[in-house]
Every structure is written in structure tokens, then in C-alpha cells.
Amino acid sequence: MKRIHSHEKEQFKKLFRQDRVDRFEDRHRILEVFLQTENHITHSGLMQLLEADGYRLEPDFVAETLKLMCHFGFAQANRFENGELRYEHRHLGQHHDHMICTKCRKIFEFEDDALENRQRQIASANGFHILQHKMEMYGICAACLADRDQKMPLVSAKPGETLVITGFTGGSSARMRLMTMGLRIGDVIEVITNDSAGQVVVAINYHRYAVGRGLAQKVQVEPVNAAGGDSTAAEAG
Ligand SMILES: [Zn+2]
Ligand SMILES: [Zn+2]
Ligand SMILES: [Zn+2]
């Protein structure tokens, strides 16, 4: 990576000088600090790194430099899950895709030639020529899966999870209400929506059920593959 980075700095000098970009030294410093991290970093994250290195630069100047870095192909910006814009290195001739943990928000990179080829085949079978693509998988990372309580109330489940109902807590009236709604122990449910407030929407056998938060607290669930002891990595769609 060191060699690529010194090559990047050379190119940066050439392009920025040729374009007579002002404050070259400050901009070059931003590039250097940016190249030191392998993270997918936000503008404010980069500001913090610059300050930690003793550089006090105006936020607008840093934002403009990031834009120039994207323009000249040293950086690329991505908004994962419509969050804040994040920047990462763009190394020519290299490509990777991303897995994003919806629990700890960590971003994992991966490369897979078979997957890349398959995408090209699908495109060309449709008479389509790919110019660029991104593949983002949302799910739960290995560390978060390991620390997650297997048994949890439905109210703590994440959208996209497939779970099995293992019991109802609370009084018999709550149990009755859930049974009347059509929820039964042993039902396999898919979580459709679970915002921090409001109903939890789940699907059971192609039917949708909206469960209030209070009731969702009383539905005990477990990940489907927990029972079988199968702990394959997060799958997401
Ligand atoms: Zn890809
Ligand atoms: Zn995680
Ligand atoms: Zn990346």
C-alpha cells in the first residue's frame, strides 16, 4: 500500500499543479492524512484526523479539497444506507464491495472475482454494458452475532431478521391479544419494519402484522438458525 500511496502523491502533485490549484501545500497535507487511514471517513472524521496531526484548516476548504480529490480520482464518496457521505481511497484498477453491519455500523470490504464476472454476464445477457456498480450487503457482523442474546423480545429485532416465536411473556390478556392477532408459538416471522418508535411490522406466511411496541415487548423470539446451531455469516438482502 505504501508504494501505491507514494505514487498517488506524485500524481496529485502533477494534476493539482497543472490545474494551478491554490494552496497546494495545504491540500497535499489533506491528501497525506487521508491516505493514512484505510477507513471510510466522513468530512468531520477527516477534520479530526487533521487536527490530531496539528493541522487547523477551515471545514469548507477541506470539503472543497475532498471534492477535488474525487474529481481527480484519488477518493470516492459513498452514502451507505443514505447516511453521511463517506470518503475512501480510490486506487486505479482496484475494486471492492461492502458489507455494512446494521448494529455496530462497521463497514467490511470484500472482493470476489466470481461475483464480478457473474454481474457482467447478467448485464450482457440483458444487452447491458456496466460502467460502474456498487454492491452493498446489510446485515449483522460476526462480532455482533456472537454477542447478541439469542433470546430477545421482538421489540429488539432488526428489519430483515428471520426469527421464530418461542413464547409470550406478560399476563394472559396480552397472550390472548397476540393469539387473536394470529401470532403463535413456533411461527417463523420476518421483521419488515422496526423503528425506534411505533409499531413492529412483521410477515408470517405472506401476511403482514403490525404489533404495537408494548405487545412486541412480550413476544419472545430467537433467530431461526440458532436452534439448528448453524451460525453461518450474516445474510442480508
Ligand atoms: Zn463489485
Ligand atoms: Zn457489527
Ligand atoms: Zn471500501
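**Entry 1: zinc ion (ligand 1).** I began with the spacing of the donor residues of the zinc ion (ligand 1), which reads H-x1-D-x18-E-x16-H in sequence. One pair here links distant parts of the chain: Glu116 sits in helix H5 (residues 113-125) and His133 in the loop between H5 and strand S5 (136-139), 17 residues apart. For the record, helices (H or I, at least four residues) and strands (E, at least two) are DSSP runs, numbered from the N terminus.

I then listed the coordinating atoms: His95 (NE2), Asp97 (OD), Asp97 (OD), Glu116 (OE) and His133 (NE2), at 2.0 to 2.6 Å. Donors are N, O and S atoms within 2.8 Å of the metal (3.2 Å for Na, K and Ca), and water is not among the atoms, so sites may look incomplete.

The cut-offs are under 20% relative accessible area for buried, over 50% for exposed and in between for partly exposed (1.4 Å probe, protein chains only).

**Housekeeping.** This is a predicted model, in which local features need pLDDT of at least 70 and side-chain atom pairs count only at pLDDT 80 or more, while totals for chains, interfaces and linings use all residues. Residues are numbered from 1 along each chain as its sequence is written, chains are lettered from A and ligands numbered from 1 in the order in which they are written, and side-chain values use heavy atoms, with hydrogens and water left out.

**Entry 2: zinc ion (ligand 3).** Next I looked up which atoms hold the zinc ion (ligand 3). They are His40 (NE2), Glu88 (OE), His96 (NE2), His98 (NE2) and Glu109 (OE), at 2.1 to 2.2 Å. Along the chain these donors follow H-x47-E-x7-H-x1-H-x10-E. His96 counts as partly exposed, because its relative accessibility is 22%.

I stayed with Glu88, which lies in strand S2 (residues 86-89). Its relative accessibility is 6%, so Glu88 counts as buried. Glu88 has no salt bridge, and Lys134, the nearest side chain of opposite charge, is 9.3 Å away. A salt bridge is a side-chain nitrogen of Lys or Arg within 4 Å of a carboxyl oxygen of Asp or Glu; Lys and Arg count as positive, Asp and Glu as negative, and His and the chain ends are not counted.

What does the side chain of Glu88 make with that of His98? I found a polar contact at 3.2 Å (a pair of N or O atoms within 3.5 Å; within protein, one must be able to donate a hydrogen and the other to accept it, and residues adjacent in sequence count only if both atoms are side-chain atoms).

**Entry 3: the sheet.** Six strands form an open antiparallel sheet in the order S6-S11-S7-S8-S9-S10. S6 and strand S10 (207-211) are the edge strands, each pairing on one side only. Pairing needs at least two DSSP bridges between two strands. S6 and S11 have two bridges, and Pro153 stands opposite Gln220 in S11. Strand S7 (residues 162-168) joins S11 through five bridges, with Val164 opposite Glu222.

Why did I note strand S11 (residues 219-223) as largely enclosed by the rest of the structure? Four of its five residues are buried.
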